[in-house]
Amino acid sequence: MERPITLGEFIVENQKDFPYAKGELTALLSSIKLAGKMVNEKINKAGLSQILGKVDAENVQGEVQAKLDIMANNIFISTLKARGEIGGLASEELEDIAIFDDDIHKDSKYVILIDPLDGSSNIDVDITVGTIFSIYHRISEPGTRVTQEDFLQKGENQVAAGYLIYGTSTILVYTTGNGVNGFTFDPGIGSFFLSHSNIKFPKDGSTYSVNEGNYIHFPLGIKKLIKWMQELDEKDNRPYTARYTGSLVADFHRNMLLGGIYLYPQGSTAPNGKLRLLYECNPMAFIAEQAGGRATDGHRRVMEIEPSELHERVPFICGTSEMVEIAERFIEEFGN
Ligand code: AHG
Ligand code: MN
Ligand code: MN
């Protein structure tokens, strides 16, 4: 039996897709892979460290008390900063951008944006969480300090995007604009192996993912869409089934593999929805489109939205092309 290709081998082999690149993107993806392994290790021990913490509170107290999303944030920042590929980083967990302007970073070409731990409310109850990343070429000249402008780019400028899903197994999924591939982590060996090559959304789906507890606050178009999805009509797989974990990564991953639609619409209590354009929506939109799906805020293609601030939120609807199109028709007809 042929052994599957590792993520490291795949990244190097695909470097030829970027004739202009000199290996920095390859190195950057390797750093993400390393940070992902470290976060994975912490997540797997999350429950255990609490138990051990009670036995030996003094030694591990810091670790027990540190919230995993802060821990994941620190792991990604220190791992990415240890090498020179990026001039700075923006994170959901940081108010402002982090600028790396020492010698090894000054000629960097890239910036990265991360949601270090997505679905963090699920950590304490053993439900799947993730990490999301998004990589851009900087706009500012290499040799100078990066600025906010480098981070406030439209999603369509992304060079690469991906996520790690810490589920029943840990999988790293990413795209560099040339399709989407997934690599499953083998903890015994310590490597990611190609397990999901050239992922595409199925044409049809019958799953919807939305926090229906917010139903009464949703715009009329979304309410009508949800009721339509619940009606019986065999010719278009209705009624749909509902699946919602509260971890975008998990809901997105399932919908991409099995066919479905994810919605985080605006509501009267959250006028722009909850999800963050730069750390969550754009990277997922890039992956979705590369997998033959679509992502919209209801009116606009997510990746065409001009960002105005780092932590901006937008309504987010993402899934198979057909389902997103149906959602847009409802919004157009009944209003947002
Ligand atoms: P994060 O943990 O990074 O703050 O993200 C949580 C996000 C997203 O993953 C999830 O789909 C959504 O928030 C869930 O929100 P509700 O609890 O409002 O449904
Ligand atoms: Mn998140
Ligand atoms: Mn988060």
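Modeller: Let us start with Phe183, whose bridge partner in S8 is Leu194. Before going on, please keep in mind that this is a predicted model, in which local features need pLDDT of at least 70 and side-chain atom pairs count only at pLDDT 80 or more, while totals for chains, interfaces and linings use all residues. Residues are numbered from 1 along each chain as its sequence is written, chains are lettered from A and ligands numbered from 1 in the order in which they are written, and side-chain values use heavy atoms, with hydrogens and water left out.

The names S and H stand for strands (E, at least two residues) and helices (H or I, at least four residues), which are DSSP runs numbered from the N terminus. Strands S7 and S8 run antiparallel and are joined by five bridges; together they form a hairpin with four residues between them, and in its turn Gly190 has a positive phi of about 85°. On the other pairing of S7, strand S6 (residues 170-175) runs antiparallel to S7 (residues 180-186), again over five bridges, and here Thr175 stands opposite Val180 of S7. Two strands are said to pair if DSSP finds at least two bridges between them. Strands of a sheet pair through backbone hydrogen bonds, either parallel or antiparallel.

These strands belong to an open sheet of eight, in the order S2-S1-S3-S4-S5-S6-S7-S8, and the pairing is mixed. Strand S2 (98-99) and strand S8 (191-196) stand at the edges with a single partner strand each, so one side of each has no neighbour in the sheet.

Now consider what lies on the sheet. Helix H2 (residues 24-44) lies across S1 (86-91), S3 (110-118), S4 (129-137), S5 (158-166), S6, S7 and S8, and it runs at about 20° to S5. Helix H5 (residues 68-81) also packs on the sheet, where it touches S1, S3, S4 and S5, and its direction makes about 155° with that of S3. Contact here means heavy atoms within 4.5 Å, and the angles, from 0 to 180 degrees, are taken between the N-to-C directions of lines fitted to C-alpha atoms, for helices over the stretch in contact.

Asp126, in the loop between S3 and S4, has a positive phi of about 60° although it is not a glycine, and at 76% relative accessibility it counts as exposed. Asn198, in the loop between S8 and strand S9 (207-209), likewise has a positive phi, of about 45°, without being a glycine, and with a relative accessible area of 46% it is partly exposed. Buried means under 20% relative accessible area, exposed means over 50%, and partly exposed lies in between (1.4 Å probe, protein chains only).

The manganese ion (ligand 2) is coordinated by Asp115 (OD), Asp118 (OD) and Glu280 (OE) at 1.9 to 2.2 Å, whereas the protein donors of the manganese ion (ligand 3), at 2.2 to 2.3 Å, are Glu92 (OE), Asp115 (OD) and Leu117 (O). The two ions are 3.8 Å apart, and Asp115 coordinates both. Donors are N, O and S atoms within 2.8 Å of the metal (3.2 Å for Na, K and Ca), and water is not among the atoms, so sites may look incomplete. Asp115 counts as buried at 0% relative accessibility, Leu117 counts as buried at 1%, and Asp118 is buried with a relative accessible area of 4%.

Finally, the chain is divided into domain 1 (7-196) and domain 2 (207-334), with bounds that come from an automatic or database domain assignment. Their C-alpha centres lie 25 Å apart, and the contact takes 46 residues from domain 1 and 31 residues from domain 2.
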